[in-house]
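Hi everyone, thanks for coming. Today I'd like to walk you through a structure that may be new to you, so please settle in and have a look at the screen.

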Amino acid sequence: RATDAAVFKESEQYNDGMIRDLENLQMQYMQADDSHKDALKDIIIHRFEVYDQNRLPPNLWRFYQDIKSGRQ
């Protein structure tokens, strides 16, 4: 039997909200100066790591890979 938390994480509302949050983080990062980008990197990596990578749209998956590898 799935737990309530697991059911919620499968919900469209949860996934739409997470994608929106991750897109907002990407936008903040792209608009930040270098010192703020450094501060945002750890937050961004953590937020992406707690979300199912298989559900990321291609643009966010590439952004996450670039951040994680230091290309951003």
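Predicted model: local features only at pLDDT ≥ 70, side-chain atom pairs only at ≥ 80, totals over all residues.

Let me start with one term that we will need: a residue counts as buried under 20% relative accessible area, as exposed over 50%, and as partly exposed in between.

Now the overview. The chain holds 4 helices and 0 strands, and read from the N terminus its elements go α-α-α-α. The C-alpha trace spans about 45 × 20 × 20 Å along its principal axes. There are 72 residues in the chain, and 31% of them count as buried.

How do α2 and α3 run relative to each other, roughly parallel or roughly antiparallel? Their axes are 10 Å apart, and the packing angle is about 165°. That angle is over 145 degrees, which means the pair counts as roughly antiparallel. The crossing of α2 and α3 is left-handed. On the α2 side, the contact is made by Met 18, Asp 21, Leu 22, Leu 25, Gln 28, Tyr 29 and Met 30. On the α3 side you will find Lys 37, Leu 40, Lys 41, Ile 43, Ile 44, Arg 47 and Phe 48. Sorted by class, the residues in this contact of α2 with α3 are 9 nonpolar, 1 polar and 4 charged.

Next, α2 with α4. Helix α2 covers residues 12-31 and helix α4 covers residues 58-69; they pack at about 50°, and 11 Å separates their axes. So α2 is oblique to α4. This crossing is left-handed. From α2, the residues involved are Ile 19, Leu 22, Glu 23, Gln 26, Tyr 29 and Met 30, and they meet Asn 59, Leu 60, Phe 63 and Ile 67 of α4. By class, that contact of α2 with α4 has 7 nonpolar, 2 polar and 1 charged residues.

And the remaining pair I want to show is α3 with α4. Here the angle is about 130° and the axes are 10 Å apart. Therefore α3 is oblique to α4, and the crossing of α3 and α4 is left-handed. Lys 41, Ile 44, Ile 45, Phe 48 and Glu 49 of α3 meet Leu 60, Phe 63, Tyr 64, Ile 67 and Lys 68 of α4. The class count for α3 with α4 is 7 nonpolar, no polar and 3 charged.

With the helices in place, let's zoom in on a few residues. We can go back to Met 30, which sits in helix α2. What does Met 30 touch, leaving out residues up to four places away in sequence? The answer is Lys 37, Phe 63 and Gln 72.

Now please find Tyr 51, in the loop between α3 and α4. Is Tyr 51 buried or exposed? Its relative accessible area is 4%, so Tyr 51 is buried. Setting aside residues up to four places away in sequence, Tyr 51 touches Tyr 14, Asn 15, Met 18, Ile 19, Leu 22 and Leu 56. With one of these, Asn 15, Tyr 51 makes a side-chain to side-chain polar contact at 2.7 Å.

That brings us to Asn 15 itself, a residue of helix α2. Asn 15 has a relative accessible area of 8%, so Asn 15 is buried too. Its side chain also reaches the backbone oxygen of Ser 11, at 2.9 Å.

One more stop: Asp 52, in the loop between α3 and α4. At 37% relative accessibility, Asp 52 counts as partly exposed. A polar atom of the Asp 52 side chain lies 3.0 Å from the backbone nitrogen of Asn 54. Asp 52 and Asn 15 are 37 residues apart along the chain, and their C-alpha atoms are separated by 9.4 Å.

Conventions. Residues numbered from 1 in each chain as written. Heavy atoms only, no water. Axes fitted to C-alpha atoms, helices over the stretch in contact; angles between N-to-C directions. Helix = DSSP H or I, 4+ residues; strand = E, 2+ residues; numbered from the N terminus. Parallel < 35°, antiparallel > 145°, perpendicular 65-115°, else oblique. Left-handed = near helix turned anticlockwise from the far one by under 90°. Contact = heavy atoms within 4.5 Å. Nonpolar A, V, L, I, M, F, W, Y, C, P; charged D, E, K, R; others polar. Buried < 20%, exposed > 50% of the residue type's maximum accessible area, 1.4 Å probe, protein only. Polar contact = N/O pair within 3.5 Å; in protein donor to acceptor, adjacent residues only side chain to side chain.
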